Amino acid sequence: MATVTDADRAAVDAVHAEAFDAAVAADERIEPRDWMPEAYRATLVRQIAQHAHSEIIGMQPEANWITRAPSLRRKAILMAKVQDEAGHGLYLYSAAETLGTSREELLDKLHAGRQKYSSIFNYPTLTWADVGAIGWLVDGAAITNQVPLCRCSYGPYARAMVRICKEESFHQRQGYELLLTLSRGTEAQHAMAQDAVNRWWWPSLMMFGPPDDESSHSAQSMAWKIKRHSNDELRQRFVDICVPQAEALGLTLPDPDLRWNEERGQHDFGAIDWTEFWDVLKGNGPCNEQRITQRRRAHDEGAWVREAAAAHAAKHTTRTKTTTEATA
Amino acid sequence: MSGDWPLWEVFVRSRRGLSHTHAGSLHAPDAELALRNARDLYTRRSEGVSIWVVPSSAITASSPDEKDPFFEPAADKPYRHPTFYEIPDGVKHL
Amino acid sequence: MTPTPETTTGAPATATAAAAGAPATATTAALALGDDALVLSHRLAEWAGHAPVLEEEVALANIALDLLGQARVLLSMARDEDELAYLREERAFTNLQLVEQPNGDFAHTIARQLLFSTYQRFLYEALAGDPVFGPLAAKAVKEVAYHQDHAEQWTLRLGDGTDESHRRMQRGLDALWRYSGEMFRPVAGLEAVNWQELEARWLASVNAVIERATLTVPEGPRHGAWAAGAGRQGLHTEPFGRMLAEMQHLHRSHPGASW
């Protein structure tokens, strides 16, 4: 009887690896059932999970203002936006599931603090203007990060991102419009808008991650075409986009070193406080504890509902058809 | 009792005349709720006129390793494609 | 406050009840129905970030958004929507007490949804031919039919799920039952509605769902024992004042401002 030796396995893997590298090099998409290096799979799971977690934790700071939205029009917009974030979380968990990791498993890791979400959501939304600043700056930074992900080498992730980017196009605009209305409003409203921009500007710049020379996963992710641009490249692009937008808003970006550099054809900007970044990442941000506690509570308090529906389904399986068609 | 809901694949017909296309997946305890969740999630911007939901576990897929034997026989039958045939210039409606 | 361009362009409908040549009672009715939708939408929106499962975050938000859309059309029929939502005192709101009840657990919310969406569906069906409310009712009835379906599906699953879910669902129905009678007191301006028939249809429908869900139709009274009246007369329950305080606070802190 023939036995499969380690050498055989290595030979098979080498053939697979060659096909994988060729596909990535040719800008083809990797699909769920294709062979892929374990490290590629692990990197994707980590990144998609973090992205999904960010969507659902990111609901909290904005949901904080739904019940106080100052006009019914704004209330409808904010509700639709927070709902989109739940939907985007769902798309992303779906993408992660194609890699053989269940949503339950990922949520458990989030709740246990073993997987991260974007640190930006550990900052509080203190005034209504923060809703606008999140839309303009936080969603703006997210979009700058996400648009290149629509061409990510992993098919399901890329497709989820296409859908998300399409749906998110209104998120940034509504934030900008909100701030513009405040900036052109009463003195108190203008001050509220400026204060929000002052608080959200630097954390937004941190959203692109540590500088390239300190980013541990960047090089490999770029080689695998999971990532298409470096952290610093995207951060610079974002700053250049924001400067004229801030001017049009009539608001100031809180950086005395921010100025146009004719030679580089880009803006110079001040040093980012990376101590704060690492501190918040480690759990010392103003809302880390609060966000994860609320998330865990919603999950725990919902357990009996999920169990009830599962129990009902088990009792009534005969009635359940495997495929159902209906008009939506 | 476990509260883990099974995974369902969602197929959406975006308008009459088109096939259902895979939109993504979701979790639901049963087919009826899967259908409703799919409606809420994948058609909230009026992206669909009809939805199918199928338990992910019910899908049998071709293996990517079988790719060549499975799909190559079709690749050597170019006569199935209209561009295989040469038609003199000026001949229309063919 | 004069409506700003912001609010007028944002309002889904610009036709007012007065413009439609309707009597003043139409305004009363628009407010009653509009307040129901506004207040229930607010309560449902409180679930954002707290739902038992992600799929339900999306579902509850859909329902809340449908209701808010209805509220904006209805309130705009009477006056400026924001002025009505943000600048009226508690006693001027004429929503049913049922819709202002706090969310409680998921079963409590589903019980409230079942009682209200069944009522709202039959009410809008009855208003289909109404000259003032017909156009709104025709659109809203489709939305509400879906809300009712959502509530029924969950009532069945919670009622006939686990012992715990059964107990919670029964508790929700029992607690809210006393607020259900108020729905059938005639509202001035809705002359197209046969309220007795509406109540009979509602009872038959709700009872059937409760029984299918292996639950018991509550035995308690369907009216509160208070001669002064209830929500339609501007008399509310204590949690409502707090809800309004939260909802109106920011708007009221900046008199005359645009948002």
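Select R235(A): this residue is buried, with a relative accessible area of 2% (buried means under 20% relative accessible area, exposed over 50%, partly exposed in between, with a 1.4 Å probe and protein chains only). This is a predicted model, in which local features need pLDDT of at least 70 and side-chain atom pairs count only at pLDDT 80 or more, while totals for chains, interfaces and linings use all residues. Residues are numbered from 1 along each chain as its sequence is written, chains are lettered from A and ligands numbered from 1 in the order in which they are written, and side-chain values use heavy atoms, with hydrogens and water left out.

Helices here are DSSP runs of H or I with at least four residues, and strands are runs of E with at least two, numbered from the N terminus. D232(A) is partly exposed, at a relative accessible area of 30%.

**E85(A)**

E85(A) counts as buried, at 5% relative accessibility. Leaving aside neighbours within four places in sequence, E85(A) is in contact with E55(A), G58(A), M59(A), E62(A) and H171(A), where contact means heavy atoms within 4.5 Å. For a distance check, pick I134(A): 49 residues separate it from E85(A) in sequence, and the two C-alpha atoms are 13 Å apart in space.

**Helices α12 and α13 of chain A**

Display residues 288-301 (α12) and 303-315 (α13) of chain A, whose axes come within 4 Å and cross at roughly 35°. Axes are lines fitted to C-alpha atoms, for helices over the stretch in contact, and angles run from 0 to 180 degrees between N-to-C directions. On the α12(A) side select H299(A), D300(A) and E301(A), which meet A303(A), W304(A) and R306(A) in α13(A). The residues of this contact divide into two nonpolar, one polar and three charged (Ala, Val, Leu, Ile, Met, Phe, Trp, Tyr, Cys and Pro count as nonpolar, Asp, Glu, Lys and Arg as charged, and the others, Gly among them, as polar).

**Between chains C and A**

Colour the two chains separately. The contact takes 49 residues from chain C and 46 residues from chain A. About 4100 Å² is buried between them, of which carbon and sulfur atoms give 66%; buried area is the accessible area (1.4 Å probe) that two parts lose on being put together, summed over both. In chain C, L54(C), L250(C) and W259(C) lose the most area to chain A, together 18% of what that side buries.

The rule finds two salt bridges across this interface. To see one of them, select D160(C) and K315(A), whose closest N and O atoms are 3.0 Å apart.

**Within chain C**

Finish in helix α6 of chain C, where R121(C) and E125(C) lie four residues apart, about one turn of the helix. Their side chains meet in a salt bridge (3.1 Å, N to O). R121(C) is partly exposed, with a relative accessible area of 26%, and E125(C) is likewise partly exposed, at 30%.

Definitions and conventions. A salt bridge is a side-chain nitrogen of Lys or Arg within 4 Å of a carboxyl oxygen of Asp or Glu.
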